[in-house]
Amino acid sequence: MHIEPGIVQGAKIVLSYGTAAVSFGFAAKFALDNIKKSGILPFVVKSLITTMLVFVFFEVFPHHAIGVSEVHLILGSTLFLIFGIAPTALGLAFGLLIQGLFFAQFDLPQYGMNVTTLLMPLFAMSYVSSRIIPKNIAYKDIKYFDALKLSTMYQGGIVTWVAFWALYGQGFAVENLTSVLSFGAAYMSVIILEPLIDLAVLAGAKTLNSLKSSAYVEARLYNTGK
C-alpha cells in the first residue's frame, strides 16, 4: 500500500495533507474514548505493541512492489480484533512513520497518502464490524465468514484508496490503469490469507483466559457487546 514516489506530485500532494489530518482527527477521537474507558497506561501499552508489530509487518514480512504500490501483509483486522480500533490506528500511523524515518526516507513525502490509505479503511471496517458481528458474540468466537468480511472490507478499502491516489496523480492513461489493476489483483489475494491468520490468533486467545478481564487487550475480545 506504499504509494510509489512520483505518482502524486506538486500541488496535488496537498490533498494528502488534508486527508491525513481527517484520519488523525478520527484516531484522536477513538484514542480519547479508549483512554476514558480503560485508562491511559493500557492504551499506551497497546499502542506501543501495535506500533512494533506494524513495523515488523512492513519491514520484516515479505513485501513486493507491484504496479503503483507495494503488497504487504498488514493484518489490520487481526490487530483490530485483539487490541481495538484506537491502538490499531496509532500503531499503523506510528509504525509507518518509524519505517519511513529510519528505513525508507523516500516514502516520507507520501506519508499523508499512505497513512490515509491505512486508517480510513480501518475506521470503515470498525463501523462494519459493529453491524455484522452480533452483540452476543465475543471476537474470539467469530467464524471464518465474519473474519473474511472484515478482511475484505479492510483490504478492499486499501485497494480503493491506492487506486484513487494513482488516478488522481496520473490520470486514466492505459499504462496507469494497467498498473492499478495489477496492484489490485495482487493485493486482494491477501484476503484469502488474512482471515485464516485472524482465526489462528483468536484460537490462541481462547487458551489465554487470564486475559479476559485485562485492560491490555480489546474488551470485546472475550466479552460480548452491551
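**Terms set against values**

User: Why does K140 count as buried?

Analyst: K140 has a relative accessibility of 18%. Buried means under 20% relative accessible area, exposed means over 50%, and partly exposed is in between (1.4 Å probe, protein chains only). Since 18% is under 20%, K140 is buried.

User: What kind of model is this?

Analyst: This is a predicted model, in which local features need pLDDT of at least 70 and side-chain atom pairs count only at pLDDT 80 or more, while totals for chains, interfaces and linings use all residues. Residues are numbered from 1 along each chain as its sequence is written, and side-chain values use heavy atoms, with hydrogens and water left out.

User: What makes the meeting of K140 and D141 a salt bridge?

Analyst: A salt bridge needs a side-chain nitrogen of Lys or Arg within 4 Å of a carboxyl oxygen of Asp or Glu. For K140 and D141 the N to O distance is 3.2 Å, so the pair passes. D141 is partly exposed, because its relative accessible area is 31%.

User: How many salt bridges does the structure hold?

Analyst: The structure holds 2. K29 and D33 also form one, with their closest N and O atoms 2.9 Å apart. Side chains of opposite charge can pair when their charged atoms come close.

User: Why are K29 and D33 separated by about one helical turn?

Analyst: K29 and D33 are 4 residues apart in helix α1, which is why the separation is about one turn. Helices (H or I, at least four residues) and strands (E, at least two) are DSSP runs, numbered from the N terminus. K29 is partly exposed at 48%, and D33 is partly exposed at 33%.

User: Is H72 buried or exposed?

Analyst: H72 has 1% relative accessibility, so it counts as buried. H72 is found in the loop between β2 (69–71) and α3 (76–83). Contact means heavy atoms within 4.5 Å; leaving aside neighbours within four places in sequence, the contacts of H72 include M1, F57, Y187 and V190.

User: How do you know that a polar contact joins H72 and H2?

Analyst: A polar contact is a pair of N or O atoms within 3.5 Å; within protein, one must be able to donate a hydrogen and the other to accept it, and residues adjacent in sequence count only if both atoms are side-chain atoms. The side chains of H72 and H2 are joined at 3.1 Å, and those of H72 and E70 at 2.9 Å.

User: Which residues line the largest cavity?

Analyst: The lining is made of H2, L96, Q99, G100, D107, L108 and Y111. α4 gives the largest share, 3 residues. About 30 Å³ of space lies in this cavity. On a 1 Å grid over the protein atoms alone, a cavity is a set of points where a 1.4 Å probe fits but cannot get out, and lining residues have an atom within 4 Å of a point. A volume is the space filled by probe spheres set on the points, which are joined across faces, edges and corners.

Conventions
On a 1 Å grid over the protein atoms alone, a cavity is a set of points where a 1.4 Å probe fits but cannot get out, and a pocket is an open set with protein on both sides within 12 Å along at least five of seven lines; lining residues have an atom within 4 Å of a point.
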